Amino acid sequence: QVQLVESGGGLVQAGGSLRLSCAASGRTFSSYAMGWFRQAPGKERELVAVIFWGGGTTYYVDSVKGRFTISRDKAKNTVSLQMNSLKPEDTAVYYCANRVPGASNYDYWGQGTQVTVSS
């Protein structure tokens, strides 16, 4: 069983930065891609950034391009999201998720970490 644990959320003023981390554990951990999602109150969950585990290719939703950077450490089975120039609209619960090889969906999810950006 794979477990994902996020950390690094908090309260920050607009224009500030936060770094989220997600640690994956489990004897059978494997990944095709890991993603960061977020869900704001009253809104649907959205995909924010993805990193493909093998080659490191990344994808970002347009609203965070140029501000957020996703990275991974294959040796430690961790993925991070560096968030700069934060805006109040970035306020949400952020989740990391893992998509295993051969899967069409993200099947493993962390518990989420709150990010609040004040104006």
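First, the ground rules. The model is predicted, so local features need pLDDT of at least 70 and side-chain atom pairs count only at pLDDT 80 or more, while totals for chains, interfaces and linings use all residues. Residues are numbered from 1 along each chain as its sequence is written, and side-chain values use heavy atoms, with hydrogens and water left out.

Start with the overall fold. The protein chain has zero helices and 11 strands. Both kinds of element are DSSP runs numbered from the N terminus, helices being H or I with at least four residues and strands E with at least two. The C-alpha trace spans about 40 × 25 × 25 Å along its principal axes. The radius of gyration is 14 Å, which agrees with the value near 14 Å for a compact globule of 119 residues. That radius is taken over C-alpha atoms, and the globule rule is 2.2 Å times the number of residues to the power 0.38.

On burial, 41% of the 119 residues are buried. Buried means under 20% relative accessible area, exposed over 50%, and partly exposed in between, with a 1.4 Å probe and protein chains only. As for contacts, meaning heavy atoms within 4.5 Å, take the pairs at least 6 apart in sequence: 53% of them join residues at least 24 apart.

Now the core. A nonpolar core here is a set of buried Ala, Val, Leu, Ile, Met, Phe, Trp, Tyr and Cys residues joined through side-chain atoms within 4.5 Å. The largest one has 29 residues, and those with the most contacts inside it are Trp36, Phe68, Ile70, Leu81, Met83 and Tyr94. Strands E3, E4, E5, E7, E8, E9 and E11 each supply at least two residues of this core, and E3 gives the most, with four. Tyr94, leaving aside neighbours within four places in sequence, is in contact with residues including Glu6, Trp36, Arg38, Phe68 and Val115. There is also a second, separate core of five residues, with Ala33, Val50, Ala97 and Tyr106 among them.

Next, the disulfide, defined as a pair of cysteine sulfur atoms within 2.5 Å. The structure holds one. Cys22 and Cys96 form it, with sulfur atoms 1.9 Å apart, and the link is right-handed, with 50 degrees about the S-S bond. Cys22 sits in strand E3 and Cys96 in strand E9, 74 residues apart. Both ends are buried: Cys22 has 1% relative accessibility and Cys96 has 0%.

Last, salt bridges: a side-chain nitrogen of Lys or Arg within 4 Å of a carboxyl oxygen of Asp or Glu. There are four. Which residues pair with Arg38? Glu46 does, with the closest N and O atoms 2.6 Å apart, and so does Asp90, at 2.9 Å. Asp90 lies in the loop between strands E8 and E9 and Arg38 in strand E4, so this pair ties together parts that are 52 residues apart in sequence. Arg38 is buried at 6% relative accessible area, Asp90 is buried too, and Glu46 is partly exposed at 30%. Another salt bridge joins Lys65 and Asp62 at 3.0 Å, N to O; Asp62 is exposed, at 60%. Through shared partners, salt bridges join Arg38, Glu46, Arg67 and Asp90 into one network.
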